[in-house]
Amino acid sequence: MKFTTTLLATSALIGAGTFALADAHGNMANEMTLVSWGGAYQASQDKAYLQPYLKNNPGVTGVWDESSNEAVAKLRAMNEAGNITWDLVDVVAADAIRLCDEGLAMEIDADELLAAAPDGTPASEDFGDLLVSDCFIPQIVYSTTFGYRTDMVGDTPPRKICDVFDLEAYPGKRALEKRPINNMEWALLCDGVPKDEVYDVLATPEGQEKALAKLDTIKDSVIWWSAGADTPQLLADGEVVMGSTYNGRLFSVIEEQKQPVAMLWDAQVFDLDGWIIPAGLPADRLARVKDFVKFATDTQRLADQSQYISYGPARLSSAPMVGKHADLGIDMAPHMPTDPKNAANTFLYNYEFWADYRDDIDAKFQAWLAQ
Amino acid sequence: MSDTVDATNIPGEKSGPMLAADGTPLKRSLRRALRRQKMSALLLIAPLLIFILITFIAPIADMLFRSVENEIVQDTLPRTTAILETWDSESGNVPDTPVFKALYQDIFIAQERKLHTRLGSRLNYELTGASSLFRKSGRGVGDIGEVYQDQFEDMNAFWKKGENWNDILGSDAWLAEIKSWKKASGQAQPPFEIRAQIAEILPQTAAFYQIFADFTQNEKNSNLYKKDPWELIYSAFYDDLTGANAARIDTYTGPGAAELSEAKAAAANFETVDYKAAFGDIDKDWLKMPIWDTIRAYSPRFTNGYFLNAVDMQKSENGPELRPENQRIYATLFLRTLFMSTVITLSCILLGYPVGWILANLPARTANLLMILVLLPFWTSLLVRTSAWKVMLQQQGVVNDTLVWLGIVADDSRLALINNQTGTIIAMTHILLPFMILPLYSVMQTIPPSYLRAAKSLGATNWTAFWRVYFPQSVPGIGAGSILVFILSIGYYITPEIVGGTTGTFISNRIAYHISSSLNWGLAAALGAILLAVVLGLYYAYDKIVGIDNVKLGG
């Protein structure tokens, strides 16, 4: 059973961690375990943050652990076992809020922990509204948006989000994420709800029914994905006409793999990804991690990351420094979700709403899926 | 026992126990020898036993315990839940001010210890909006307490300083210790001790100050003597000054007696806090019934709420009731899991039986070669095999392409073989097939071929010889294979997740979701416990019907 394997893995992890920590306490406050998502994203962090930091700090080693998609559960397990083996964890903002709520992430003082912008603007202003939780250290702005097959949509490529719900004009399968978040908002938008009222409507049972009814119109044509790599693959195989995923994944399909795919930026949903420091780190490891975070989230480093992946830096002061792709040599700015041309119509992920309604709407969404 | 030590005793002649060579009764000496054997046997398996206990039984037991454990509500809101017990929830009125005051005290302490949001996430599983309600309230309670803090401090700046508070509240012995204590010395901070007289005349202040002191000294590790008290202390102080014991304050003679009397005189005219209204200002949900019903329903230390949820029910005023139809999901998933596991087991039997028969009847050398083909998938990663099925079965995949090329299926009506039940059944049958073939093969190998020949020579047709002679002897293999395949498939998770779409997922996918994503471990534990019970129940039924002795994994 997966249930027991999870338990076994957890206890094995805790067991292994005990030995590692026993080692670390002796002489190695110079070791860091960073947790991220793996793939191209982690590679961009490695190149932009970790390698330069290690170069500046000889004797320090950094290890990556690709566990971000299970970070919340694992951090809770570590916390209950009283043994935190991670030093810095990359999570999406919604998870950061949850970890903060659960007391599993350390609260930070942005101005004290993070470097000021080159012109002296304090970090709290430079990051601004993106500091969505007391524990969250933002890194990038990404968006969940649609890509479509240019060779399967005829002469009139989709321009609006509602084209996703238009089976007559664009027959074929669509890939949507297997969770209510984003899908419910898009469904309401295309059901005629004004953008600024979407969450008010979605808070009511009638509004939730309405969104599910709209999704019902395309239910038979949807392939539901749960990993960010699914949609790019489905698009490349021609399994779907269009599908939602993270914009960086689509960039990779379009520019790096040269597939006949194009972006549909309309009603893209902005979201944030960043670091949290686990609560309860021993002082020597905490000091190391603070030093690293200050370096890795300064203006230059955040701008550097965008050379490797098309996610927007979370600092205002980094935006003008976004340059060219390190390998392809193409200008990265037009591929950023924050580029004015792409951001003509955007949607903001409402963290507080989903923190409250996730359990309830998810139950309804899953029941609807299972019907 | 003088007669038994007589070595010349001849057994049987006199009534008495039989003796061993050393003179002890044979029974006892035998028992001792056996016990020694048992102990050494136990010692031999001890490492394995301990390993299983620690890594398998204990975590499962711990996890199962979570399905009923619910201490967080009572631990975080001890005062509120205590008063709430006397609240008449059927009156339709939200509780009165004393409950709100207790709530203020509880949430204030919880937010200092950063536990209130944790409780919020817990209650949010039961009541939408609890998460932000507690987050907001945690931010808001500071303002409630400031009302009294400001008034005391405006009246006399004496009440601003932590030192002054400690001088009044701390016992003389403790004050002497703490004043000579230095944080840098590395020694433990002397634990706070209340002044006996103060504990009598200011009981509430003393109680909350003790909590504040414990928290400051043990969790924050800062010097209590220099620490200014919480806002909460000021409201408790106000309550004491205006409460029943207030008259005795004038009898106090220790440090700060003058300030205390002054405070008592002034407090009578202080602006007071309406706790109920204050919470209503933080969020109007506090003035509505649902949150109170939820807190009350979930205040006992143990709850059946998770189990109710796991069978699509919920708590209500009239006891457990079914959830609204648009939220029912788990019964469907449990039934689907059982149904699909049965289908997978049957298709494994259908496909595995002939393979096992061929393997058992070929010469050993060829059979071993073919065996490698059966085992080969075993040596390939599960993820690789599942992903390969994705490529095979998708609409632009190998199978559909072949069918279209052969003209069996039109290009615009390709078969949907994946992201549904079909996909899960095909992929899981393939993955679990070796678990059926191996026991079948090892059982079939032990069936002498001469039996079939004998049957035929006695006039049986091929079919009769197989059905009446061969098949009954191979049933133990089918039994073993079926148990393996069925129990493995009932808990399968990765394959249904990847190829199952929405109609082909199992209950284990929801368990995984609640473990790693929604963090509702209580619900996951309840679902897991039910699944475990179902498996044990089926195993019991199987034992009753087929008999577990009839299951053979080998000759």
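A residue is called buried if 20 or more other C-beta atoms lie within 10 Å of its own, exposed if 12 or fewer do, and partly exposed in between, with the C-beta atoms placed from the backbone. The model shown is predicted, so that local features need pLDDT of at least 70 and side-chain atom pairs count only at pLDDT 80 or more, whereas totals for chains, interfaces and linings use all residues. Residues are numbered from 1 along each chain as its sequence is written, and chains are lettered from A and ligands numbered from 1 in the order in which they are written.

**View 1. Overall form of chain B.** Buried residues make up 35% of the 555 residues in chain B, and the C-alpha trace of this chain spans about 115 × 100 × 50 Å along its principal axes. Chain B holds 25 helices and 2 strands, which are DSSP runs numbered from the N terminus (helices, H or I, at least four residues; strands, E, at least two). The domain assignment, which is automatic or from a database, gives domain 1 (78–296) and domain 2 (331–550) of chain B, and the centres of these two domains, taken over C-alpha atoms, are 62 Å apart.

**View 2. The side of chain B that touches chain A.** Here 41 residues of chain B are in contact with 36 residues of chain A, two residues being in contact if their C-beta atoms, placed from the backbone, lie within 7 Å. The elements of chain B that give two or more residues to this side are α1 (26–66), α5 (116–124), α6 (130–155), α16 (330–361) and α24 (507–516).

**View 3. Helix α5 of chain B.** Because 8 of the 9 residues of α5(B) are buried, this helix is largely enclosed by the rest of the structure. The buried residues include His116(B), Leu119(B), Arg122(B) and Asn124(B). They pack against α4 (93–101) and α14 (351–370) of chain A, and also against α2 (71–76), α4 (97–112), α6 and α14 (289–297) of chain B.

**View 4. Packing of α6(B) with α11(B).** The helices α6(B) and α11 (residues 231–242) of chain B pack at an angle of about 60° with their axes 7 Å apart, where axes are lines fitted to C-alpha atoms over the stretch in contact and angles run from 0 to 180 degrees between N-to-C directions. Gly142(B), Gly145(B), Glu146(B), Tyr148(B), Gln149(B) and Phe152(B) in α6(B) meet Glu231(B), Leu232(B), Tyr234(B), Ser235(B) and Tyr238(B) in α11(B).
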